[in-house]
Amino acid sequence: MESLPLMGINHKMSFCIPRISLSALLVCFISGIILTCQYYPFGNVFRNVEEITTVIPYGFFFRRLHYASGQLFVILMLIHIVDHFMKRRYKGFSVGKWAGLVIPLIICFFILFTGYILKGDKEGIYAGNIFYNILKEIPVAGETITRFVIRPGEMFFWLPYLYHVFFLPILLIFLIRDHINNWFSQAGFLLFTTAGLFIYSLLVRMPMDIPPHAKIELVKGPWFFLGIQVCLGVLPPIVAGIAAPLIFFAILLLLPGLKGHLQKAVHYGIIFLSLFYTFLVIFGYFFIKHSWVLSR
Amino acid sequence: MKRILILIILSLTTVLIYQENRRSKILPLPTEGCLSCHKSVSDPDTSHPISAFGCYSCHMGNPYSLDKERGHLTMVKNPGDLSVVGSTCGQAKCHPDIVPRVKKSIMATNRGIIKTLEYRWEKIENSNKDVEYLMAKENAGGLAIDQYRKMCGGCHLWKKRGDRQGEIGKRGGGCSDCHIIDKDRKEPIDVTKFQHPEITTRIPSENCVKCHNRSARMGLSYFGKFESEGYGTPFDGWELNQRRLSGGRFYLNLPADIHYAKADMTCIDCHTETGVMGDGTRHEYMEGQVDITCRSCHDPLFTSVKEAGEAGDLAVKLAFLNKKIDIPQEAKVGRSKKGKPMYNLQKRGDQIVFYRKKDGAPIELKIFPEKKPHHSMAGHERLSCQSCHSAWIPQCYGCHITYRKDLVQKDWLSGEKTPGQFRESRSYIRFSKPTLGINASGMVAPFSPCQVFVSVFDRKGDYVHEESLNTLTMTSFDPHTTQKGSRTCHDCHGDPKSLGFGEGILYKKEKEWRFRPTYDAQSSGMGIDFPLDAFVDINGKPAQLTSRKGARPFNQEEIGKILDVDGCFPCHVRYEDKIYEDFKQSRRRFETEKDLPCWETARRYTP
């Protein structure tokens with residue numbers, strides 16, 4: 001790849017997506033480093049975030065840039081995996097190599113989720129509390145695991161901060177290091193993506209942050225979490241928040257290891273479940289009118 | 001291509017730098033982001049200075065933002081709104097003890113109205129519904145509740161303030177309903193510099209009257225306004241007169257309550273904070289919540305501010321908030337019916353002074369002269385003050401309501417238009433000679449009619465007799481038309497209207513009392529066999545229902561006793577007349593001693 005796909009050399013989605021995605025990741029890292037210099041995960045975090053957004057020079061821009069690039073990276077990565085999945089490329093992969101694709105996606109969702117908590121607004125705090133309560137439901141080890149992921153009180157934002165800023169990004173880079181080596185060589189993609197993200201960040205406002213003490217009827221989680229949020233309204237937290245996602249990703253991970261009709265059946269099963277979850281996300285986005293899930 | 005992209009990125013960076021430099025920098029930052037735009041806003045009152053409270057404490061929103069859209073997110077325009085008041089006025093550091101009381105108060109629950117409607121219209125005896133319940137459950141109840149939702153439901157503290165133009169828009173809004181002084185703004189607001197609506201504990205009567213001008217119409221009567229028929233008379237030249245109330249209703253000027261006419265007292269001079277905002281109990285009816293009687297001031301009990309503990313502290317606090325009335329530590333303050341301090345009624349030494357809350361002006365107070373014969377005479381023990389001192393009472397006869405199922409109407413509680421439309425009209429309104437009866441407390445008191453004829457029409461527009469109903473009720477309330485002078489003896493003992501028979505001629509024939517009514521109910525086609533203004537017939541049989549358990553017209557025995565006295569008035573018209581010291585004995589003497597001068601008089605005047 002020597003020039004931009006939009007210039008007509010290669011328009012294939014499979015080719016462009018990972019490269020744009022990695023470019024977005026780089027922008028995300030750089031903007032994240034800038035924001036980290038101003039972010040303080042203790043005390044009145046919401047105030048701190050608000051100051052970054054409206055007081056500190058260029059703060060609004062870097063927040064938008066970080067948000068947009070992070071979302072773009074994860075969405076493109078998701079599309080990349082769907083692309084692989086639909087073209088059944090996993091058949092040529094070992095379970096280990098396939099896991100190298102699926103696990104980074106899971107990590108990406110966790111990075112987005114911890115970022116959502118770190119906003120420090122009402123939605124972030126609710127998301128953190130739900131996450132905390134779901135983790136506590138894990139039999140036997142729930143309390144212990146929770147202590148390593150999220151804790152109530154003054155430390156509420158500290159552990160998500162560590163995961164968001166250090167642990168998970170480092171793990172992600174480690175897991176996709178080959179992709180970075182292979183695909184992250186064209187400056188054209190980086191410039192194209194950066195220009196696009198700059199335009200977006202200058203023109204489009206971020207979703208509003210809801211003050212923690214605001215009295216509102218409805219609090220929703222991040223878009224990828226809405227399906228789980230819907231399920232939490234009707235299923236026990238251990239099922240909706242832990243078992244169901246775990247089983248889904250376990251099946252997805254084991255897919256290359258299956259053979260024949262079983263693999264075919266699981267393939268279509270994953271498609272069905274993914275479509276169903278997409279439906280739940282859309283339902284949650286448009287039709288949840290009260291924060292009934294959160295008031296359980 | 002790369003050069004073009006680099007150029008684009010550089011251009012965008014230039015735009016960003018330009019944009020950032022254009023943003024106004026506010027350094028040092030104000031305590032709240034709000035104040036960076038709203039630089040010069042007047043204080044709502046001296047107890048809530050913006051310099052100390054900022055905006056967020058009351059209006060919420062995002063106090064850290066310098067961006068309008070972000071700052072205003074989740075902001076509440078009216079902090080007094082009961083749906084948010086727990087986080088604003090009622091938050092822990094402000095007034096946490098008052099807000100729960102207000103939510104249980106009758107102005108927030110409207111329990112009395114709802115209960116009476118359901119009882120009278122649908123025979124539901126133990127209705128426990130209130131506004132909050134009805135807001136949560138849209139399909140709770142039948143015709144009576146639908147009537148409440150579409151007619152009465154526009155007047156309670158849960159209603160959103162400013163949801164309409166005019167008087168109706170000023171109603172509601174929780175705490176703000178009473179504590180904000182309404183001023184119509186004509187000029188658009190300059191966001192950087194404007195007058196914040198004024199908050200006060202010296203509630204102007206306009207804030208009360210904007211709601212209390214219908215039903216019992218106390219808010220009108222007190223100020224000497226009687227909602228009249230819709231004739232618009234007397235004319236102003238060729239035009240209908242301009243004495244108009246909201247809704248285009250006309251009024252006449254009648255004698256105002258003496259407390260207003262003579263002392264310029266406003267509603268809150270009598271009505272205490274407990275009586276208005278509640279005492280924490282979900283009362284069934286307004287009279288359960290009201291914390292004042294005539295005796296509270298005219299036959300007062302005092303308590304020392306120093307020694308009264310919490311009550312004394314509350315008195316001092318209320319006086320402090322009033323800012324016009326001073327309480328010296330050595331003063332004693334009056335106590336209300338429920339024992340709450342009345343900080344504006346003070347005893348300083350031997351002097352009893354009533355202070356007007358709006359301006360702190362002292363008012364000379366007449367202490368109840370209990371030893372005077374007219375207040376202490378035997379047989380008058382059950383008389384309420386209102387039964388003699390209320391000059392008039394608004395009386396609405398025959399309120400006609402049509403209910404059409406083929407039309408829709410706005411539900412005040414949900415804000416949605418729902419099937420079924422009510423329309424009200426009436427037959428006639430009077431003010432003179434309040435009818436007397438026994439109220440729910442067992443006292444003789446004035447009664448006024450509340451007579452509803454409901455005609456139901458189905459979706460085709462046809463009248464449905466089975467669903468239509470009428471409820472003819474007499475209701476007792478304080479008319480708020482107190483005068484110094486009272487009714488005469490004959491006004492009560494010999495007037496058929498006062499006794500509850502209605503307008504007509506009361507006469508004796510063959511030693512029997514007879515009554516010929518003016519109103520011919522049968523010919524009027526009302527479907528009733530008694531005059532609309534009759535509470536009871538001459539034999540003591542009740543003609544109409546009452547709105548409270550225990551309330552009733554005079555019974556036969558009482559009517560007999562009352563009428564018995566009337567024959568003595570031509571000669572024995574003074575309260576201190578000896579015959580009234582033991583009227584039974586006097587009566588016995590009259591019947592047995594035929595040489596009494598009474599007999600000569602009786603023979604002279606009896607045909």
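In which hand does H3(A) pass H9(A)? I shall take that question first and then turn to other parts of the structure. This is a predicted model, in which local features need pLDDT of at least 70 and side-chain atom pairs count only at pLDDT 80 or more, while totals for chains, interfaces and linings use all residues. Residues are numbered from 1 along each chain as its sequence is written, and chains are lettered from A and ligands numbered from 1 in the order in which they are written.

H3(A) passes H9(A) in a right-handed crossing; a crossing is right-handed if the near helix is turned clockwise from the far one by less than a right angle, and left-handed if anticlockwise. Helices here are DSSP runs of H or I with at least four residues, numbered from the N terminus. Helix H3 of chain A covers residues 59–86, helix H9 of chain A covers residues 187–203, and their axes come within 9 Å and cross at roughly 125 degrees. That angle makes H3(A) oblique to H9(A). Angles under 35 degrees count as roughly parallel, over 145 as roughly antiparallel, 65 to 115 as roughly perpendicular, and the rest as oblique. The axes are lines fitted to C-alpha atoms over the stretch in contact, and angles run from 0 to 180 degrees between N-to-C directions.

On the H3(A) side, Phe61(A), Arg64(A), Leu65(A), Ala68(A) and Ser69(A) meet Leu197(A), Tyr200(A) and Ser201(A) of H9(A). Contact means that the C-beta atoms of two residues, placed from the backbone, lie within 7 Å. By class, this contact has five nonpolar, two polar and one charged residues. Nonpolar covers Ala, Val, Leu, Ile, Met, Phe, Trp, Tyr, Cys and Pro; charged covers Asp, Glu, Lys and Arg; the others, Gly among them, are polar.

H9(A) also packs with helix H1 of chain A, residues 13–38, at an angle of about 60 degrees and with the axes 9 Å apart. H1(A) and H9(A) are therefore oblique to each other. H1(A), too, passes H9(A) in a right-handed crossing. Among the residues making this contact are Ile20(A) and Val27(A) of H1(A), and Leu190(A) and Leu197(A) of H9(A).

In contrast, Tyr161(A), which lies in helix H7 of chain A (residues 158–175), counts as buried, with 21 C-beta neighbours inside 10 Å. Leaving aside residues up to four places away in sequence, Tyr161(A) touches Pro41(A) and Leu118(A).

I turn now to the contact between the chains. Chain B gives 23 residues and chain A gives 29. Helix H1 of chain B, residues 2–22, supplies nine residues, the largest share of the side of chain B that touches chain A. That side of chain B has 14 nonpolar, five polar and four charged residues.

Finally, the domains of chain B: the assignment gives domain 1 (2–75), domain 2 (300–366), domain 3 (382–566) and domain 4 (569–607). Such bounds come from an automatic or database assignment. The centres of domain 3 and domain 4 of chain B, taken over C-alpha atoms, are separated by 34 Å. Six residues of domain 3 of chain B are in contact with four of domain 4 of chain B.

Methods: Helices (H or I, at least four residues) and strands (E, at least two) are DSSP runs, numbered from the N terminus. A residue is buried if 20 or more other C-beta atoms lie within 10 Å of its own, exposed if 12 or fewer, and partly exposed in between; C-beta atoms are placed from the backbone.
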